[in-house]
Amino acid sequence: MSETVLVAGASGMLGRQVVAALQRRGSKVRALTRAADTLARAGAKVDEVVVGDARVGAQASAAVQGVTAVISCLGASVQPRLGLGWRGFFAVDTRANTALIEAAEAAKVRRFVYVSTLSRAGMEGLAYVRAHEQVAARLRAGALAGTVLRPTGFFSALGALVELARGGALPQIGDGSARSNPIDDGDLAALCVQALDEPPGEREVGGPEVLSRRELGALAFAAIGEPPRWRTVPPGAVRTIGALLRPFHPRLGQLLPFYAAVNTTELIAPQVGRRRIGEYFRELAGR
């Protein structure tokens, strides 16, 4: 198959899986990264590396020249800890992906696949959701054949539960009854690549198991062979901490209210993945 696909966010957990899925397909893979050594440390082996910042229009334009398609899983970290960047989701996700869309339009790229987020009524005012929706709206309004995938959540974003379980009681935001079906990064990557051959549009996707937040935490404890322990955290307290952090650390300030929402809202999408999260947690625990 004669195609070159640009993967934006190739050094991330999902991006690495997208690279591997494209290589299995026989595609030539170009990675856009701000630092080549980051990509090397992540172990992502690609055909071409373009070093640049997608937020800069000229650098986004250079990255898309000559590619057949773009798959973007680029964005600020969704891990709720320091040291992973302070810029918020409008400054990173919205700005970078909008620049990539505009560059891809100018270069007449055939397809653009964007990994967004799933939300429900009551979440539309959250900064994290609005930042992603602005990108989806720009893709819909433009000239590209675009696909927006809306996962319920990635396994890799939930992997921190295993380390938190090792440290003692897991924080439980709310009563733990809200259900979701997060999807494995590899399963989601396969859907990203599959979208290159499907009609453009938007699709909600989730994994094979619908589990409550409490059940997800219990699986993390089971992976390390410990009984579950919980520390209840009121959602309002999480939102308040986010509001206090927002002027000083926009990423965490925007992320924490989103965490409060996803932990107290049913987020269930069509079950299209295969891998189960208990297996993923056991794999992490064994490393």
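Start with the second largest pocket, whose lining residues divide into 2 nonpolar, 3 polar and 6 charged. (Ala, Val, Leu, Ile, Met, Phe, Trp, Tyr, Cys and Pro count as nonpolar, Asp, Glu, Lys and Arg as charged, and the others, Gly among them, as polar.) Before going on, know that this is a predicted model: local features need pLDDT of at least 70, side-chain atom pairs count only at pLDDT 80 or more, and totals for chains, interfaces and linings use all residues. Numbering runs from 1 along each chain as its sequence is written, and side-chain values use heavy atoms, leaving out hydrogens and water.

Now select some of the lining: Met-13, Arg-16, Asp-184, Arg-275 and Glu-283 are among them. Helix 1 (13-25) gives at least two lining residues, and so do helix 8 (185-194) and helix 12 (277-285); helix 1 has the largest share, 3 residues. (Helices are DSSP runs of H or I, at least four residues, and strands are runs of E, at least two, numbered from the N terminus.)

Next, pick helix 12 and color Ile-277, Gly-278, Tyr-280, Phe-281, Leu-284 and Ala-285, which are buried (under 20% relative accessible area, with a 1.4 Å probe and protein chains only). Look down the axis of helix 12: these buried residues fall within an arc of 160°, taken from the directions from the axis to the C-beta atoms, so they line one face.

Methods: 1 Å grid on protein atoms, 1.4 Å probe; cavity = no way out; pocket = protein on both sides within 12 Å on 5 of 7 lines; lining within 4 Å. Buried < 20%, exposed > 50% of the residue type's maximum accessible area, 1.4 Å probe, protein only.
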